[in-house]
Amino acid sequence: MSRLSPTPPKHKGEHKGHALPRGSDRGCSSRDKDRSATVASSVPMPAGGKGSRPSCPGSASQRTPNRLIHEKSPYLLQHAYNPVDWYPWGQEAFEKAKSENKPIFLSVGYSTCHWCHMMEEESFENEEIGRLLSEDFISVKVDREERPDVDKVYMTFVQATSSGGGWPMSVWLTPSLQPFVGGTYFPPEDGLTRVGFRTVLLRIREQWKQNKSALLENSQRVTAALLARSEISMGDRQLPPSAATMNSRCFQQLDEGYDEEYGGFAEAPKFPTPVILSFLFSYWLSHRLTQDGPRAQHMALHTLKMMANGGIRDHVGQGFHRYSTDRQWHVPHFEKMLYDQAQLAVAYSQAFQISGDEIYADVARGILQYVSRSLSHRSGGFYSAEDADSAPERGMRPKEGAFYVWTIKEVQQLLPEPVQGATEPLTAGQLLMKHYGLTEAGNINPNQDPKGELQGQNVLTVRYSQELTAARFGLDVEAVQTLLSSGLEKLLQARKHRPKPHLDSKMLAAWNGLMVSGYAVTGAVLGMEKFINCAISGAKFLKRHMFDVASGRLMRTCYAGSGSTVEHSNSPNWGFLEDYAFVVRGLLDLYEASQESAWLEWALRLQDTQDRLFWDSRGGGYFCSEAELEAGLPLRLKDDQDGAEPSANSVSAHNLLRLHGFTGHKDWLDKCVCLLTAFSDRMRRVPVALPEMVRALSAHQQTLKQIVICGDPQAKDTKALLQCVHSVYVPNKVLILADGDPSSFISRQLPFLSTLQQQENQATAYVCENQAYSMPITDPCELRKLLLQ
């Protein structure tokens, strides 16, 4: 999570030797990259996005487009009619900066970022500021989701030289791409506490003319310091740290920050933290007999339940919003991100495995139903996000959460039917309003509505259990369930007539990989074949549209074209480490859910490519991007933070362990050890920053379970054993189906499978741990007992 500085901003980290202004560190903090960071501001963070909001008077067709009109990124296209001579990231811009000896102004954001749109409307649509940017700078616009490498390099600079970071990110570079000033959102004009963007540009222009040598010298010094500080390497270490010690420290740090009343691990704003919940579930499993184990389970389950009841969950259309602006999970930032849906579907499925409580299964199903309805391409891929802002009515200016909120009057008109059998006069609308906490004045605190856009509006949030609501009106619980379900469906149908939020139709390989996992895991746990089929469609989409067969490389992005077509950028946007790591994870999860070995085969091939492109043979671990792609950038980094998305190195550690379990190839196990050793210092210093990697460390030191099911894939007894395995929470496992064919792919990888036989012509399970196999098991109940031990 990027921090937002308080007002007035602290001028921390200004470079010595010149008096350049630093921008306000306010920005869109919708990527929770640092859960320990604080978000402070004089007003709560509004959030949302632009959708079809007109940036300036007159239609776009009446204005002259800039170079961005030829791009595919929805974010870059949003800036294609700015009166700024924008360049996309590339050699054309860099060469022009060198030939004209001008500094580069780099602006980084993404399509559904509220403060990015604010800065566009206030500054980039301003004719005077546009002239300054076009005449005195080479202005470059980057979609951070297309180029996470560029974003990470310069965000590292901004966070190191200011009090935080965020989006939009504004950085000034030398023609050789060395940063010398950075910030986030700048207001257009000077205020009481902030320097305005126009002033910043004028001062930097003057400093570049009068004091350029000092700027260049200081830039080189800062870059060298960042390079030394960001190095992650094995050094002289031979082995990673103790998993027991790292687990204990990580749990203690989480326990200290836990919100006992509402769940979660911060005051406000509160973000979904699937990597933390996953860690707590794993910690519970290995500490069930201690006091801390049940505590960890409670923290995770309680957080998930409070989120499910809160307004951060869309009770009408399902799915989860980006974060809650308050401690209670009540008023959300209404943006919806694909990666949140993917990871939360898995988290709620795991909660169902552990607790058996149907509420978690219902939430997981709802998430995937939302993705299928709103974030799915016809060919099987998944879109990136839906915006937070939308027009209350056609032709009106977009407002925060307009698509999602309700007035009392609207609900009463939609649900006027009297409820039969209630102990007092009651309509279906009144029942729903009582259950979900709707009020005449609106249930949104003005502190969560600094612009006054939500006055009189309500966010649905569960205030009572269905049992209490039933008791309050003398109704059966089943009747209340039916009435609430029917009422929500009518609200959903009514909402379809509202102007929709902007859809970021860009498709990213990494997030599609996460979504394949979400569908595969949830489908397997809940026994829902249609979800597994969605995962298969997603994997087929990746292979068809985002994989180059000749080179074996993934592409980072593709875009929805007209109808059901898929478009690509003019030059290939090759994948980054996270694309490979997340897709490999998705394919391994899909193999376990479907038992189709083709997905395992492709996972192995992609892992080989990942190793070739990103592995650091000297220091261990994986770089975030290819060496060739990084040419010119001042840093080549390794991601060391499990945040809104897990670190690609953390996911890779798990993948390497699983691939070793599926194939027996020792080189992947050796790579995993090197990776974990390289990140030893980071884990020792702040284990809570890498909970997913601490989980991988535990899986390595405890070893994985190999669960082998021998049987006919189509036979009922085989399916019963497979479903038994999926119903139990066993995070550190590989699940293998041995169908008796010695020529099959999995049998060629693991020849010992031919020694495992069915008993009495029945499907038979074997559980291998520490190279010791259990007795053969044919009864699902016996298998369940063994897995729960």
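Strands E13, E16 and E17 form an open sheet in the order E13-E16-E17, and the pairing is antiparallel. Strand E13 (506-508) and strand E17 (566-567) are the edge strands, each pairing on one side only. The model is predicted.

- Strand E16 covers residues 557-560.
- Two bridges link E16 to E17, and the two strands run in the antiparallel sense.
- Ala-560 has its bridge partner in E17: Val-566.
- Strands of a sheet pair through backbone hydrogen bonds, in either a parallel or an antiparallel way.

**Sheet E8-E9-E12**

- This open sheet has three strands in the order E8-E9-E12. Its pairing is antiparallel.
- Strand E8 (336-337) and strand E12 (503-504) each have a single partner strand, so one side of each is left without a neighbour in the sheet. Both stand at the edges.
- Strand E9 takes in residues 385-386. Two bridges join E9 to E8, and these strands run antiparallel.
- Met-337 is bridged to Ala-385 in E9.

**Helix pair H14 and H15**

- Helix H14 spans residues 428-435, and helix H15 spans residues 466-473.
- The two pack at an angle of about 135°, with their axes 10 Å apart.
- H14 is therefore oblique to H15. The reason is the cut-off: angles over 145 degrees would count as roughly antiparallel, and 65 to 115 as roughly perpendicular.
- The crossing of H14 past H15 is right-handed.
- On the H14 side, Leu-431, Lys-434 and His-435 make the contact. On the H15 side, they meet Gln-466, Thr-469, Arg-472 and Phe-473.
- By class, this contact of H14 with H15 holds two nonpolar, three polar and two charged residues.

**Disulfide**

- How many disulfides does the count come to? The count comes to one.
- The disulfide joins Cys-113 to Cys-116. The S to S distance is 2.4 Å, which falls within the 2.5 Å cut-off for a pair of cysteine sulfur atoms.
- The angle about the S-S bond is 80°, and the link of Cys-113 and Cys-116 is right-handed.

Notes. Residues are numbered from 1 along each chain as its sequence is written. This is a predicted model: local features need pLDDT of at least 70, side-chain atom pairs count only at pLDDT 80 or more; totals for chains, interfaces and linings use all residues. Side-chain values use heavy atoms; hydrogens and water are left out. Axes are lines fitted to C-alpha atoms, for helices over the stretch in contact, and angles run from 0 to 180 degrees between N-to-C directions. Helices (H or I, at least four residues) and strands (E, at least two) are DSSP runs, numbered from the N terminus. Angles under 35 degrees count as roughly parallel, over 145 as roughly antiparallel, 65 to 115 as roughly perpendicular and the rest as oblique. A crossing is left-handed if the near helix is turned anticlockwise from the far one by less than a right angle, and right-handed if clockwise. Contact means heavy atoms within 4.5 Å. Ala, Val, Leu, Ile, Met, Phe, Trp, Tyr, Cys and Pro count as nonpolar, Asp, Glu, Lys and Arg as charged, and the others, Gly among them, as polar. Two strands pair if DSSP finds at least two bridges between them.
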